[in-house]
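Welcome! Please look over the sequence and the 3D structure shown here, and then read on for a guided tour.

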Amino acid sequence: MEEALENFTVSDDLISYTVHLEDSVRPSSTSFLILKHFLRFTCLFVVIVCPWANFKLIQLFKSHLFYKNSSLKWYIIHKAVFDTVYMLISIPIIGLLTFNIDVIHKNLFTCKFITYLHYLADDLITMMLTLACVDRMLRITCNLRIQTRFSLIICIVVTCLFAISNIHHIIRLQHDHGFCHKTYIGIWDYDYDIYYSLVYTSISWFIMFVSSLNLTVSVYCDRVRRAKLNQSKQQNQQIQVAKGKPRNGHSYAMDSDRLELIHSTDEWEDSTSITIEPNHVGTNRPAEEEQQDNAELQLTVGVLITSAIFLLCNLPNFIIFLMRFVFLSSFSAIGSTFIHIALFPLLIAHTVSYFIFNHLLARCFRNNF
């Protein structure tokens, strides 16, 4: 079965681990049986919740008054689509493998098609989240206002490039005697896919980590600046209330003669004046821009939380990948149980985005939502 394990990128792969588990560990203990049944229940739950949650996330970014005008919109929408594709491919395979049913090696079509879509969706999820982090850094840190059309073009170009670059999986995969295997392309003692996974994962995760640190500092500085600005406004209002309403920068006290003159003048002006309706678009524009900036800050916090969950949930599987293929380590029953456990956060990572942007941000920004 070692050749079958080379069919998938190991850093983020759900399938290769499960294939390995079926050979290395048999359900001989009660704890392992409980873990396997819990994995089946989790797969059933996620395969229902994940498409619904990502569909609601797409609706949120298309209908929200300020979210739909953000350059982040298309990155999140594309990530939601690829999250759904990734889960709809991976979860049925994992669930069937717990019943010792292998779909990948069924025929040539499943061998090539499932592997290609699995790789493509996996790479694009990471890339869209990386682009989202870069977009937030440009918007919050550099104060660059990027149009939504530009972000849509970036998403389309990136998707096409990865769709083309992953064609080598279809070319290399072969199905012989009921077994799906890939033509070996070696670099020193390792397969090309291992190097690709290491380099791609390391670079994308590094960009996400650095961007998240930068955004965390920027968001903190922005909140400190807003707090000081609100405090200064409150102090100015208190000073104005204490001194009376200023006129031309000077406060004054009303006497009875001046009040009578003002009342008579106001009555004459009201009878001869022409009322001009104010331009609501011009007066509301600064308020709308301020609300859009508040929404951009909310989205930045959402991206920070999403990227942190993504990195934490994928880290155990990346460690397993390093141990298995770089250090050529084999797993005992305890290690294989840990591989099973590492699948649970990986399943959750592709489902929580809607709950972060719609529910968690509503609790964090009650006044702005």
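## A leucine in helix α6

Helices here are DSSP runs of H or I with at least four residues, strands are runs of E with at least two, and both are numbered from the N terminus. This is a predicted model, in which local features need pLDDT of at least 70 and side-chain atom pairs count only at pLDDT 80 or more, while totals for chains, interfaces and linings use all residues. Residues are numbered from 1 along each chain as its sequence is written, and side-chain values use heavy atoms, with hydrogens and water left out.

Is Leu152 buried, partly exposed or exposed? Its relative accessibility is 25%, so Leu152 counts as partly exposed. Buried means under 20% relative accessible area, exposed means over 50%, and partly exposed is in between, using a 1.4 Å probe and protein chains only. Leaving aside residues up to four places away in sequence, Leu152 touches Trp74 and His78; contact means heavy atoms within 4.5 Å. Leu152 and Ser71 are 81 residues apart in sequence, but their C-alpha atoms are 8.4 Å apart in space.

## Another residue of α6

Ile156 also belongs to helix α6, which covers residues 148-165. With 45% relative accessibility, Ile156 counts as partly exposed. From Ile156 to His78 there are 78 residues in sequence and 9.2 Å in space, C-alpha to C-alpha. Here is a handy rule about helices: an α-helix has 3.6 residues a turn, so residues three or four places apart point the same way.

## The whole chain

Now let us step back. The protein chain has twelve helices and four strands. Of its 369 residues, 43% are buried. Among contacts between residues at least 6 apart in sequence, 82% join residues at least 24 apart.

How far apart are the end C-alpha atoms of helix α4 (residues 73-97)? They are 36 Å apart, which agrees with the 36 Å that its 25 residues should span at 1.5 Å a residue. The expected span is 1.5 Å times one less than the number of residues. Helix α4 is mostly covered, with 20 of its 25 residues buried.

Helix α3 packs with α4 at an angle of about 165°, and their axes are 9 Å apart. Axes are lines fitted to C-alpha atoms, for helices over the stretch in contact, and angles run from 0 to 180 degrees between N-to-C directions. The two helices, α3 and α4, are therefore roughly antiparallel to each other. Angles under 35 degrees count as roughly parallel, over 145 as roughly antiparallel, 65 to 115 as roughly perpendicular and the rest as oblique. The crossing of α3 and α4 is left-handed: the near helix is turned anticlockwise from the far one by less than a right angle, whereas clockwise would be right-handed. The contact includes Leu39, Cys43 and Val46 of α3 and Ile76, Ile77 and Ala80 of α4. By class, the residues in the contact of α3 with α4 are 17 nonpolar, three polar and three charged. Nonpolar covers Ala, Val, Leu, Ile, Met, Phe, Trp, Tyr, Cys and Pro; charged covers Asp, Glu, Lys and Arg; the others, Gly among them, are polar.

## Helix α3 meets α12

Helix α3 (residues 30-63) also packs with helix α12 (residues 353-364), at an angle of about 45° and with axes 8 Å apart. The pair α3 and α12 is therefore oblique, and its crossing is left-handed. Among the residues making this contact are Val49, Trp52 and Ala53 of α3, together with Tyr354, Phe355 and Phe357 of α12. The contact of α3 with α12 has nine nonpolar, two polar and one charged residues.

## Helix α5 meets α6

Helix α5 (residues 108-141) and α6 pack at an angle of about 145°, with their axes 10 Å apart. Their crossing is right-handed. The contact includes Tyr116, Leu120 and Asp123 of α5 and Ile154, Cys155 and Val158 of α6. Eleven nonpolar, one polar and one charged residues make up the contact of α5 with α6.

## Two asparagines in loops

Most residues other than glycine have a negative phi, and most peptide bonds are trans. Asn100, in the loop between α4 and α5, has a positive phi of about 60° although it is not a glycine. At 57% relative accessibility, Asn100 counts as exposed.

Asn143 lies in the loop between α5 and α6. Its phi is near 60°, again a positive value in a residue other than glycine. Asn143 is exposed, with a relative accessible area of 52%.
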